[in-house]
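Please keep the sequence and the structure in view while reading.

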Amino acid sequence: MLGAMQTLRTPMRRYAENEELDYAIVGVGAGGGVLLQRLARAGFRVAGFDAGPFWDTERDWVSDEKGAHNLYWNDKRITGGGDPLALGANNSGKGVGGSTVHWASFVPRFHPSDFRVYSQDGVGADWPISYWDLKPYYELIERELPVAGPSYYPWGDPHGYPYGPHPMGGVGDALIQGCTKLGIGVSAGGPVAILSGSRADRPHCIYRGFCIQGCKVGAKASTLITHVPDAIASGAEVRANCMVSRIHLGGNRRVTGISYFDQEGREHFQKAKAVVVSGYAIETPRLLLNSACAGFENGLANSSDCVGRYLMAQAGNVVLGRFEELVRMYKAPPAHALTEEFYETDPKRDFARGFAIQTVGPLPIAFAKQMMTAKGAWGWGLRRIMMDYNHWATFGLLGEILPNQDNRVQISEEKDQWGIPVAKVTFDLYDNDKKLIEFAKKKTMDVMWAAGAQEVVQEARYAHLVGACRMGADPETSVIDGFGRTHDIANLFVCDGSVMPTQGSANPGLTIMAIAARTADYLIAQGSSIFESDRRVMEAPGVRRDLSPPDTWGHGMPTL
Amino acid sequence: MKRQQPGYYPGFRTLDQQKFWDAKTRQVILDRVHDVPPIRFFSADEQALMEAICRHIVPQDDRDAAHTIPILPQIDKRLYDDTHDGYRFEDMPPDREAYRLGLQAIEQIARHLHGKAFTALSGREQDELLESLHDGDPSAAQDIWKQLPVERFWMLLVQDCVDAYYSHPWAWDEIGFGGPSYPRGYMRLERGEAEPWESEEKRYDWQAPGESVSDKFTPLGGKEEHRGGPQGGTH
């Protein structure tokens, strides 16, 4: 059912609509997938609803750039502002596994400083939790995926990875060479959530380079293959092809369930004692805003007016360098080497926070579009530059863009195929962002020159989406508390990338999963009081190490 | 000079490796090669105009007739099916309308500059007209460009042409891209080395046809820094 190697051994439980769930989880991606698995293991009656399909990786996916189009959120959205974000394939998945199906799977942790940006730098915001609250969950998820990388990773809070680093492709070679010439530390072969050796029924990586088109091999982790199978084996239901349109509010300011459209366009209502929204940084605020009702005219759980605000993307400029010798960058995972040497605020620079430099590996269509903007290529120039595809290597910078209240998701007047108002995204860069990008761009180009490139060009773009339902200690300026519970409604939670108050310059996937595992521990520790009471316990739960999927434990770990 | 296969990898044919591809991928790629969709969205006039435009955006004069890659049928199919990339810029009309408006504008510019239809212009004149869109500096149809930012229309057009051309296995052969690679994978990752079934590069010099102006690189929209790239994730 899952593909060539993985199968689901147990039939999936089905809940009737009039059966009351303990938890209805909207979205089965990085956050929803991990949460579903944990809650099912702990014995809750839980179902995950996903707008997209339950993938059969062997029959549905292809080793083909254009053919992978259906992995992305392709429904209508409007994007605007002074620096409009590309959506769709750039950052939004649709289907069980969510964006982990098409992530490149770089999984660095956030640094301790990321949780105290306002205190340290006077910009952005502080998180209501610290790195040390998340650290045990980083360690858990790194084993559950598992992550391949060096045995000593030097940045932030130094740590090692359970699976060995991957061999270098041509782009990684260039990054190492460029960084080494300039005296910049570089991590080779990870951290990526790609198997460098087989584990249980998942084979090792075959270095075919189609990571972001969906890993048919099963070597790259996605919650579709890492957490959802165990969720189902533990009694969870995954209801695929169900587009949730509204969360219902009952008396006593508590939610009672969700409405959704099935594949045939029929509308259903599912009762639930509590609802978790895990739809990522656009669909989560869209659903809350579309669930406006008496008492919450401005959107459900939006008394703060923060739902949809403080949306963030990372600067993702791609720097392309042409080399005399061949590179053939389509081989090896796009993600396989990076440096976080410039991650932290440096008082010598004229901006706060920093950036990472990472390998990327665009396949021909993506590369041609980059050349369209980076060199203005079209016509014969485009044909000529594309004949040199194998001579180019590409680095992506990942720069921290600060949260701003005017970067936001709102509801448009336009509607989607179900008649649900679509999201309108507004995005602008501000002063610190522009300075940071300018510096990071130059530095990344310096590294490409130092690697021996004869020509270096770049294209401006963005990567990832987080924020828009941020967590915080103050209900006036945030949507949820440090455990994912909305300040306004005691049995409504958010668990995905939208909860982040700031984003660092690390890829967000691992942190989303770590937050989900912590949220799960909290919900499990609270037990049925979530369903019966509005009391808000703010004590951290103990870390449950017994809820990981099978095959997590009993492997060696490098010791620092 | 017309070739069966332009590019620096003579004799390299990804389709020769299809027995090493998985069944689903093989089906999708072979359908793309053998089942060229009919034109259903564009009218006959629009089709003629679009065909002329596509010949300049991704020119194929160096390919023999039997090995010309169909561009327009793929664009027409996308618009006929009304499939999207998951977002629309707030200052842009929907894609179908964008194409209809864009074609009208191109026709108006042709008549404004030369008093003739675009399809009646010389290759040079057609190339120069399209270059003015690339430069963000069209000389007529300003009413249309108010509803349809010229830079966004240009990118839409080029991206759609790129999708069609570089998704075709003959284009992979041309650029030396290995193509589908599951379940076999790759083993020679470093130093740009070829797999045993891939070809070494054999470069040669070539010139674009003399009437063309596109064999050069000038900034998109006439500006050095272009903000907000195209779709297609890389990281």
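Helices (H or I, at least four residues) and strands (E, at least two) are DSSP runs, numbered from the N terminus.

This is a predicted model, in which local features need pLDDT of at least 70 and side-chain atom pairs count only at pLDDT 80 or more, while totals for chains, interfaces and linings use all residues. Residues are numbered from 1 along each chain as its sequence is written, and chains are lettered from A and ligands numbered from 1 in the order in which they are written.

Strand β13 of chain A, residues 392-399, is mostly covered, with eight of its eight residues buried. A:Trp392, A:Thr394, A:Gly396 and A:Leu398 point one way from β13(A), whereas A:Ala393, A:Phe395, A:Leu397 and A:Gly399 point the other way. In a regular strand the side chains alternate between the two faces of the sheet. β13(A) has antiparallel pairings with β10 (residues 318-322) of chain A, over five bridges, and with β12 (residues 355-360) of chain A, over six bridges, where two strands pair if DSSP finds at least two bridges between them.

Helix α1 of chain A (residues 30-41) has 12 residues and reaches 17 Å from its first C-alpha to its last, close to the 16 Å expected at 1.5 Å a residue; the expected span is 1.5 Å times one less than the number of residues. Because 12 of the 12 residues of α1(A) are buried, this helix is largely enclosed by the rest of the structure. Its buried residues, among them A:Leu36 and A:Leu39, pack against elements of chain A that include β1 (21-26), β2 (46-49) and α12 (509-526). Just after α1(A), A:Gly43 takes a positive phi of about 95°.

**Contact between the chains and the nonpolar core**

The contact takes 64 residues from chain B and 78 residues from chain A, with two residues in contact if their C-beta atoms, placed from the backbone, lie within 7 Å. On the side of chain B that touches chain A, the elements that give two or more residues are α1 (23-34), α2 (44-57), β1 (88-89), α7 (150-165) and α8 (169-175) of chain B, and the largest share, five residues, comes from α7(B). Strand β3 of chain A (residues 78-80) and β1(B) pair in the parallel sense over two bridges, and in this pairing A:Thr79 stands opposite B:Phe89.

The largest nonpolar core has 235 residues, and those that touch the most other members are A:Tyr23, A:Ala24, A:Ile25, A:Val26, A:Val46, A:Val275 and B:Cys161. Such a core is a set of buried Ala, Val, Leu, Ile, Met, Phe, Trp, Tyr and Cys residues joined through C-beta atoms within 7 Å. Not counting residues up to four places away in sequence, A:Val46 touches residues including A:Tyr23, A:Ile25, A:Leu36 and A:Leu39.

**Backbone geometry**

Most residues other than glycine have a negative phi, and most peptide bonds are trans.

| Cis peptide bond | Omega |
|---|---|
| A:Leu145 and A:Pro146 | about -20° |
| B:Tyr182 and B:Pro183 | about 10° |

A:Pro146 lies in the loop between α4 (131-144) and α5 (170-181) of chain A, and B:Pro183 in the segment after α8 of chain B. A:Asn252, with a positive phi near 60°, is found in the loop between β6 (243-249) and β7 (255-261) of chain A, and A:Asn252 is exposed, with 9 other C-beta atoms within 10 Å.

Conventions:
Buried ≥ 20, exposed ≤ 12 C-beta atoms within 10 Å, placed from the backbone.
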